Amino acid sequence: MQTRKKYILLAFLASWLLLFFFGGDQLRRFAFFSGRKAEAQRNWPRWTDQSLLRSFADPQDLHSHEDPSLPSPRERRAAWLSIYKNSRCRMETCFDFSRCQKHGFKVFTYPRERDQPLSESYSKILSSVERSRYYTANPQEACLFILSIDTLDRDHLSSQYVHNVDEKIRGFPLWNGGRNHLIFNLYSGTWPNYTEDLGFDIGQAILAKASFYTESFRPGFDISIPLFSKEHPQRGGEKGWLHQDSIPPKKKYLLVFKGKRYLTGIGSGTRNALHHIHNGKDIISLTTCKHGKDWEKHKDTRCDKDNVDYEKFDYQELLHNSTFCIVPRGRRLGSFRFLEALQAACIPVLLSDGWELPFAEAIDWGKAAVVGNERLLLQIPSIVRCIHPERVLAFQQQTQFLWDAYFSSVDKIVHTTLEIIKDRLFPHRSRSRCLWNMLPGGLLALPDFSTHLGDFPFYYLQHGSRPSKKFTAFIRAVSPVGSPSQSILRLIQAVSGSQYCAQILVLWSCEKPPPPSGKWPQTTMPLTIIQGRGKLSERFLPSAAIQTDAVLSLDEHISLSTSEVDFAFMVWHSFPERLVGFLTHSHFWDPEHKRWGYTAKWTNELSIVLTTAAFYHKYYHSLFTEYLPLGLRELVDGLATCEDILMNVLVAAVTKLPPIKVTQQKQLKETVPQQVKSIAGVAGGRNSFQQQDCLNQLANWFGSMPLVSSQLRLDPVLFKDQVSVLRKKYPRLER
């Protein structure tokens with residue numbers, strides 16, 4: 001027994017000796033383990049390669065994960081709640097839909113006060129609203145109200161800051177706590193944090209704001225708009241910089257940035273890091289701290305070198321010659337360079353975390369921009385290098401479409417804002433994202449006509465469909481006699497002989513009542529007489545009687561054969577988005593008088609097809625009536641043949657393409673100009689002056705000249721060829 005105890009004691013002592021010799025060091029470390037762990041947490045990270053890291057970033061800066069100038073999420077939330085007391089507003093809770101039921105979507109702008117100055121940008125916004133088809137001068141008809149108080153610049157350090165806005169709006173009888181009101185804003189907050197503070201309570205008003213922070217944005221209620229300068233054009237705007245021969249899509253530089261570097265304050269973190277990706281070859285990232293009054297007080301060791309490098313490159317040249325453009329946040333989330341990059345077809349690479357992108361409710365920015373993360377700046381070069389050239393070209397094309405459709409002018413920005421609100425009010429007639437993100441865009445694809453892509457003339461190719469193989473002849477009769485003229489009787493006989501004619505409509509625009517049905521010729525298709533009011537523009541008014549996609553617009557004095565009608569229709573069927581006709585005129589720029597000129601001479605150039613004999617899609621009737629403001633339609637009624645010019649300008653603005661001229665018989669060339677001269681006024685000194693006046697007024701309204709010139713004429717196969725007429729499909733065209 002004692003021997004057993006002795007062996008146990010020896011084994012125990014041996015175990016302690018082994019533990020002491022082989023594990024003593026671990027026991028000593030264990031005694032101080034908790035203390036060392038805490039110390040390691042306090043001192044992390046311990047940079048063992050500071051000599052390598054110092055040229056890249058200051059280790060002291062790497063200890064901080066947050067920009068110290070940025071308010072914390074809790075602070076941002078508190079500031080937001082103090083401003084947006086109705087933070088849970090939705091269209092269903094903060095908008096009175098009943099105001100829009102009787103008169104539809106009408107917009108009223110408050111009368112402008114004489115002693116209240118307006119900035120240039122806000123004056124443009126109000127003018128855009130008043131130029132839109134939704135404007136009403138009667139507040140009782142209005143569905144939406146817009147203040148005449150300038151709310152664009154709410155930086156209280158700005159000279160354009162308007163004081164006492166709360167007191168002023170509370171005195172408006174229509175304010176009603178902001179209900180059914182729309183407020184525009186470009187700049188909010190001030191130094192140093194640039195919060196969302198507008199300096200007044202917006203109540204239940206919809207806020208259309210630039211640099212919108214996602215945490216402040218009320219989805220389905222507010223609207224994010226782009227930041228634009230006071231020089232941004234009222235209408236029209238400059239064209240994009242991408243040309244048809246811009247192949248290959250990749251340019252001299254892959255990625256560029258040239259702009260200010262903030263030494264302190266909000267936004268400085270992102271811009272201070274941009275120099276890390278500069279390689280001086282295909283990636284150019286230039287910053288300067290030489291801005292502001294006291295920049296020298298805060299300048300760092302990089303400033304002098306950065307300022308020198310900054311002057312070596314021209315900003316416009318970089319935009320023209322770069323594939324991607326970095327668009328970092330400034331003091332606020334948005335910046336002017338966003339629109340500059342879009343226009344230049346320089347694909348925006350966005351580095352502005354938390355920015356609600358402009359019109360993101362409608363626009364798919366994933367097809368036109370690269371949305372980056374400010375914290376992952378160093379990954380941006382490798383990301384853009386991996387984008388396939390085909391996708392790069394698609395990105396560039398989409399930037400040009402978006403620029404031209406929604407951002408090139410103040411008119412388009414404001415009208416897009418209004419259309420988005422209108423779509424919310426009438427969801428059963430709202431545009432799909434496809435309509436917003438495909439040519440010609442949401443502003444020119446009216447949901448009141450249809451919400452189905454296959455019903456629009458410019459979506460047949462994408463939709464894989466074709467228009468119906470029938471047309472409606474729409475003849476305008478202006479004869480002063482009370483019976484049909486011989487010319488209109490011959491025209492009806494020729495048109496009714498076409499295998500593609502489905503119906504004939506006669507717009508009777510005479511003072512005397514139309515003749516009884518017994519005096520009209522018998523046709524195999526329906527012949528309907530519509531009583532007109534004598535206005536030139538009414539030939540383009542939408543009519544429920546038109547049951548086909550194609551419309552053949554005719555004047556009663558035109559002379560056409562059945563073969564001409566058939567061939568012109570088949571040409572239109574291949575180009576349903578265009579005007580296809582016989583008689584053509586052209587426009588030109590008169591450098592001496594610095595205005596647009598109009599000529600009816602027979603030349604190789606053409607840009608206008610007279611609607612006295614032309615095919616087009618019936619959708620253009622709806623676009624003519626609903627898209628164009630009343631003032632333009634009244635202009636048409638007062639000037640000779642201005643309706644021809646306006647329809648051509650409208651179609652060219654939609655398609656960016658010229659009309660198409662087709663073959664016509666020799667007798668048409670000889671007789672029509674004299675007939676049109678007396679009926680439609682295409683010649684003569686007074687009418688010629690009216691046509692030029694009309695053309696220039698339309699160019700002023702559109703902001704540019706949409707008409708596109710062409711030298712194309714389409715003839716049938718074997719036309720005028722020395723072969724047997726039996727081999728020709730339209731032999732009568734050569735007689």
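Start where α7 meets α16 in this predicted model: Lys 124, Ile 125, Ser 128, Val 129 and Arg 131 of α7 touch Val 410, Asp 411, Val 414 and His 415 of α16. The axes of the two helices sit 9 Å apart at an angle of about 65 degrees, and the crossing is right-handed.

Helix α16 (residues 410-425) has another partner in α15 (residues 389-407): here the axes come within 7 Å and cross at roughly 80 degrees. On the α15 side the contact uses Asp 404, Ala 405, Tyr 406 and Phe 407, while α16 brings Lys 412, Ile 413 and Thr 416. By class, that gives four nonpolar, one polar and two charged residues.

Now for the cysteines. The structure has five disulfides, and with the bonded cysteines numbered in sequence order, they pair 1-2, 3-4, 5-6, 7-8, 9-10. Take Cys 100 and Cys 143, whose sulfurs lie 1.8 Å apart. The torsion about their S-S bond is about 60 degrees, so this disulfide is right-handed. Cys 100 sits in the loop between α6 and β1 and Cys 143 in the loop between α7 and β2, 43 residues apart. Both Cys 100 and Cys 143 are buried.

Cys 89 and Cys 94 are joined as well, S to S 2.0 Å. Their torsion is about -80 degrees, so that bond is left-handed. Elsewhere, Cys 386 is exposed, with a relative accessible area of 68%, whereas Cys 501 is buried at 6%.

Terms used:
Residues numbered from 1 in each chain as written. Predicted model: local features only at pLDDT ≥ 70, side-chain atom pairs only at ≥ 80, totals over all residues. Heavy atoms only, no water. Axes fitted to C-alpha atoms, helices over the stretch in contact; angles between N-to-C directions. Helix = DSSP H or I, 4+ residues; strand = E, 2+ residues; numbered from the N terminus. Contact = heavy atoms within 4.5 Å. Nonpolar A, V, L, I, M, F, W, Y, C, P; charged D, E, K, R; others polar. Left-handed = near helix turned anticlockwise from the far one by under 90°. Disulfide = S-S within 2.5 Å. Buried < 20%, exposed > 50% of the residue type's maximum accessible area, 1.4 Å probe, protein only.
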